[in-house]
Amino acid sequence: MTTGVPLSTAPRRRSRARTFLPLAVAAWMILEIWLLSLVAGAAGGLTVALLLIGGIVLGAVVIKRAGRRAFKNLTNTFQQAQQGRQPAPQQPGGGNGLTMLAGLLLILPGLLSDVAGLLLLIPPVRAFVGRRASRSLERKMAAAPAGSFGDAFQQARIHQPDGKVVQGEVIRENEPQRPGSGPDAGYRPPLTP
């Protein structure tokens, strides 16, 4: 006997992201290689090598600075919490996540990723991307049905070969009961699997 969410036998459709993301990554890589070969033909292989090494060094510096700034912000937040003060809320795009993404894009070999990383280093562009990402995340969270994460976890457990799901509920009483009182004061057998 099975309780809980019924298992569907219909084939599941792949999401658009799972379908087109590998194609987009492949197209990005082909375009990067083509641009590098174009620049190498026009300016020489040494110039391309210097551009790639410069991007790696600049990306490492950007990630290191963003990491130090994030650690400093974390330390300040902990100090404010210990003093009983409320930390100031951050503005969208004001954090270090997009700066670290810019550094990562600079480290990746290729001219398009370097241009995207350099654009993310510009504060107005970073703030704009942060606001857009925040709005998109808020929309998706508002559109998600209640309890969807827990239901997804339960579905993953159900689909495991030996995953057993036991439905039940926990009842917590606020008042502690004395031993030997109440309706269930009798013998209770030990729980065994």
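**Note on the model: Glu-32 and its surroundings**

1. The side chain of Glu-32 reaches the backbone nitrogen of Ser-113 at 2.8 Å. A polar contact is a pair of N or O atoms within 3.5 Å; within protein, one must be able to donate a hydrogen and the other to accept it, and residues adjacent in sequence count only if both atoms are side-chain atoms.

2. A word on the source. This is a predicted model, where local features need pLDDT of at least 70, side-chain atom pairs count only at pLDDT 80 or more, and totals for chains, interfaces and linings use all residues. Residues are numbered from 1 along each chain as its sequence is written, and side-chain values use heavy atoms, with hydrogens and water left out.

3. The chain has six helices and zero strands. Helices (H or I, at least four residues) and strands (E, at least two) are DSSP runs, numbered from the N terminus. Read from the N terminus, the order is α-α-α-α-α-α.

4. Of the 193 residues in the chain, 12% are buried. Buried means under 20% relative accessible area, exposed over 50%, and partly exposed in between (1.4 Å probe, protein chains only). Take contacts with a separation of 6 or more: 62% of them join residues 24 or more positions apart. Contact means heavy atoms within 4.5 Å.

5. Back to Glu-32. Its place is in helix H1, residues 16-43. Which residues does Glu-32 contact, leaving aside its neighbours within four places in sequence? They are Pro-109, Gly-110, Leu-111, Leu-112 and Ser-113.

6. Is Glu-32 buried or exposed? Glu-32 is buried, yet has no salt bridge. A salt bridge is a side-chain nitrogen of Lys or Arg within 4 Å of a carboxyl oxygen of Asp or Glu. The nearest side chain of opposite charge is Arg-126, 19 Å away. For charge, Lys and Arg count as positive and Asp and Glu as negative; His and the chain ends are not counted.

7. Now the helix pairs. Two packed helices are described by the angle between their axes and the distance between the axes. Axes are lines fitted to C-alpha atoms, for helices over the stretch in contact, and angles run from 0 to 180 degrees between N-to-C directions.

8. H1 and helix H4 (residues 111-120) pack at about 100°, with axes 7 Å apart. That makes H1 roughly perpendicular to H4. Angles under 35 degrees count as roughly parallel, over 145 as roughly antiparallel, 65 to 115 as roughly perpendicular and the rest as oblique. Glu-32 is one of the H1 residues that meet H4, where Leu-111, Leu-112 and Ser-113 take part.

9. H1 also meets helix H2 (residues 45-82): their axes come within 7 Å and cross at roughly 130°. H1 and H2 are therefore oblique to each other. Leu-36, Val-39, Ala-40 and Ala-43 in H1 meet H2 residues including Gly-45 and Leu-52.

10. Trp-34 lies in H1 and is partly exposed, at 48%. Val-61 lies in H2 and is partly exposed, at 43%. Val-61 and Gly-103 are 42 residues apart in sequence, and 7.7 Å apart in space, C-alpha to C-alpha. Asn-96 is in the loop between H2 and helix H3 (97-107). Asn-96 counts as buried, at 10% relative accessibility.
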